[in-house]
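Here are my notes for someone opening this one for the first time. Have it on screen while you read.

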Amino acid sequence: MTLPVIHRVTTLDLAFQPRPWPFAEARSAEISAHFAARRREKPIWNGRILLGRDPDFTGERFSASYFAADFAGFLAWRDWGFPDASVFNGFGAGALRSSDGAFVLGEMAQHTSNAGRVYFPAGTPDPDDISGGAVDIEGSVAREVLEETGLDAADYRAAAHWDCVVSGAVIAMIRILDVDLSGEALRARIEANLARQHQPELSAVYLVRERRDLNSAMPRFVTAFVEKQING
């Protein structure tokens, strides 16, 4: 198993360059059948998302190009073990950090496609994240944090850098977001926000302060990032 690699950068240069996806075109019938089967399990819908190509880390800059694809194709590609190695799932994540050093993560609810996994607020970008011909990951992170936790940009201070964790076909662009609340107070605020929602994306909220707080439901990009922060 290849271990995750972390690149610290200050600039994201992510161009939107529309192009076809040969994998999805060649396997369209299989993808449709797979998506139909997944929809029978839970109420997911086939929207449009953005996938990346040609990742490059040079100095403090991460560059890549993005194209739009159907969620059904993305889901099949993910579930089948990422058979097309020419693309990657590149998304932003907000690492909320409390005043006493705890990172806050949420467990995805059962109605989501990542049910049971424990993540930072994050989401694969979609066409709404395109601005001026580029993919706005900063805006995507702000939206995901607001949707999942109820916190807006006035509630935290965003770090000047991004920790890009490369883990197989995933590149997670993680930004630390410092909040002037203790871990317990921050968790309570998020839980209160979830209680007001009809169908929240999160089913539980966790605090991670040290290695023993990590668990198997956290994907490799999360554990790699948190371990780096713990180890310094």
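This is a predicted model: local features need pLDDT of at least 70, side-chain atom pairs count only at pLDDT 80 or more; totals for chains, interfaces and linings use all residues.

1. Residues are numbered from 1 along each chain as its sequence is written, and side-chain values use heavy atoms, with hydrogens and water left out.

2. Start with the rings. The structure holds 16 aromatic pairs (rings of Phe, Tyr and Trp, the last by its six-membered ring, with centres within 6.5 Å; planes under 30 degrees apart are stacked, over 60 edge-to-face, the rest tilted). F23 and W80 are edge-to-face because their planes stand at 75°, with the centres 6.3 Å apart. F23 sits in helix α1 (residues 22-26) and W80 in the loop between α3 (71-79) and β5 (87-97), so this pair ties together parts 57 residues apart in sequence (helices are DSSP runs of H or I, at least four residues, and strands runs of E, at least two, numbered from the N terminus).

3. How exposed are they? F23 counts as buried at 10% relative accessibility, whereas W80 is partly exposed at 29% (buried is under 20% relative accessible area, exposed over 50%, partly exposed in between, with a 1.4 Å probe and protein chains only).

4. Now look at Y119 and F221: their centres are 5.9 Å apart and their planes at 35°, so that pair is tilted. Y119 belongs to strand β7 (residues 118-119) and F221 to helix α6, so parts 102 residues apart in sequence are tied together. Both Y119 and F221 are buried.

5. Ring pairs also build a cluster out of W21, F23, F35, F67, F71, F74, W77, W80 and F82.

6. While you're in helix α6 (residues 220-231), find T223. T223 is buried at 19% relative accessible area. Leaving aside residues up to four places away in sequence, T223 touches L214 and M218 (contact means heavy atoms within 4.5 Å).

7. Last, the largest pocket, at about 1,200 Å³. A pocket here is an open set of points on a 1 Å grid over the protein atoms alone, where a 1.4 Å probe fits, with protein on both sides within 12 Å along at least five of seven lines; lining residues have an atom within 4 Å of a point. The volume is the space filled by probe spheres set on the points, which are joined across faces, edges and corners. Of its 40 lining residues, F71, S113, N114, G123 and T124 are the closest to the centre.
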